[in-house]
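Please consult the sequence and the structure below while reading.

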Amino acid sequence: MRVITGIKDMRSVSKEARMSGKTVGLVPTMGFLHEGHLSLIRAAAGECGFVAVSVFVNPTQFGEGEDLESYPRDLERDTGLAEEAGADVVFAPGVEEMYPDGAGTVVHAPPGLTGVLCGRSRPGHFTGVATVVLKLFNIVAPDRAYFGRKDAQQCAVVKRMVRDLDVPVEIKVMPVVREKDGLAMSSRNTYLSPEGRSTARAVHKALRKAEEMVCSGILSADEVKAGMYKILNKAEGLEVEYIEIVDPETMEARSDAGANALIAVAARVGGTRLIDNILVSSEQWMVSDRRRGVGNDE
Ligand code: AMP
């Protein structure tokens with residue numbers, strides 16, 4: 001399994017794959033791979049003839065006082081896991097390779113997308129994300145790129161950038177992969193103490209509560225949020241940063257939690273920031289319709 005650190009090398013290996021008729025898939029990550037990342041790599045390997053996994057802890061998406069220095073890193077382990085999951089190469093450039101003269105030119109997504117939810121507490125974060133993702137797209141030139149819906153706002157920002165800047169790549173958004181008890185997998189979960197790990201389960205519990213409410217026909221965003229706050233406020237040591245119900249493409253607040261509403265949570269447990277979300281499917285909407293007796297003859 002080849003680990004590439006240079007932009008030129010990455011570009012030529014990717015070009016070679018394309019020239020030989022292979023579809024090129026890219027899975028951008030910050031490394032310390034877990035099942036969430038591996039699900040993206042497997043999906044890419046199932047659909048593309050050549051899969052590049054980037055491992056780059058991108059400094060420009062970290063704010064002051066955030067965990068850039070302490071972010072977990074283990075390239076050797078990542079390489080083995082990526083290979084097992086079906087990757088062809090790992091692209092692991094150094095910071096100097098990606099930003100030889102600092103980060104002079106950047107991509108700003110519209111403030112409507114970036115000034116809410118995570119962007120409110122992490123100013124500049126999505127500019128860092130959009131910029132590094134565009135750089136990766138320009139280096140690898142993938143036909144498809146795979147992202148996790150766990151970072152739903154990131155998905156919205158990337159999709160919007162691709163649309164607005166006519167980047168020729170198809171964005172694939174994959175479901176959230178969770179631990180057995182429901183906690184969304186994250187490289188940052190390693191920061192949690194055993195006690196914090198147990199407290200963190202409340203985030204998923206709150207989302208399950210939201211799901212239950214929606215399925216039983218309670219579609220008012222305020223009511224659903226209140227039900228979720230009840231659970232999260234009971235979790236000692238957990239501080240809610242936000243609960244939002246938004247459109248997954250525009251991040252605009254919705255007054256209802258019906259079909260295609262994104263119900264998103266951010267919370268802190270100890271020093272660890274956790275995010276998670278669920279997307280209300282049209283099936284759930286149909287279930288709630290049925291239970292409320294709307295649009296059917298039950
Ligand atoms: P990261 O390394 O945290 O920047 O994540 C790299 C990619 O993996 C992003 O597209 C994330 O959304 C995705 N990802 C991270 N955690 C999960 C998860 N639990 N389930 C699905 N995708 C995930």
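Contact here means heavy atoms within 4.5 Å. The model is predicted, so local features need pLDDT of at least 70 and side-chain atom pairs count only at pLDDT 80 or more, whereas totals for chains, interfaces and linings use all residues. Residues are numbered from 1 along each chain as its sequence is written, and side-chain values use heavy atoms, with hydrogens and water left out.

**Asparagine 189**

- Asparagine 189 touches Leu183, Ala184 and Leu274, not counting residues up to four places away in sequence.
- The loop between strand E6 (170-174) and helix H9 (194-199) holds asparagine 189; helices (H or I, at least four residues) and strands (E, at least two) are DSSP runs, numbered from the N terminus.
- Asparagine 189 is buried because its relative accessible area is 12%, where buried means under 20%, exposed over 50% and partly exposed in between (1.4 Å probe, protein chains only).
- A polar atom of the asparagine 189 side chain lies 3.0 Å from the backbone oxygen of alanine 184.

**Aromatic pairs**

- Rings of Phe, Tyr and Trp (its six-membered ring) pair if their centres lie within 6.5 Å; planes under 30 degrees apart count as stacked, over 60 as edge-to-face and the rest as tilted.
- By this rule there are three aromatic pairs.
- Phenylalanine 56 and tyrosine 99 form a tilted pair, at 6.2 Å centre to centre and 45° between the planes.
- This pair links distant parts of the chain, 43 residues apart: phenylalanine 56 is in the loop between strand E3 (50-55) and helix H3 (75-85), and tyrosine 99 in the loop between helix H4 (95-98) and helix H5 (111-114).
- Both phenylalanine 56 and tyrosine 99 are buried.
- Phenylalanine 137 and phenylalanine 147 form an edge-to-face pair, at 6.4 Å centre to centre with 80° between the planes.
- That pair joins helix H7 (residues 125-140), which contains phenylalanine 137, to strand E5 (residues 144-148), which contains phenylalanine 147, ten residues apart.
- Phenylalanine 137 counts as buried because its relative accessibility is 4%, and phenylalanine 147 is buried, with a relative accessible area of 3%.

**Helix H7**

- The 16 residues of H7 should span 22 Å at 1.5 Å a residue, and its end C-alpha atoms are 22 Å apart, which agrees; the expected span is 1.5 Å times one less than the number of residues.
- H7 is mostly covered, with 14 of its 16 residues buried.

Technical notes
Polar contact = N/O pair within 3.5 Å; in protein donor to acceptor, adjacent residues only side chain to side chain.
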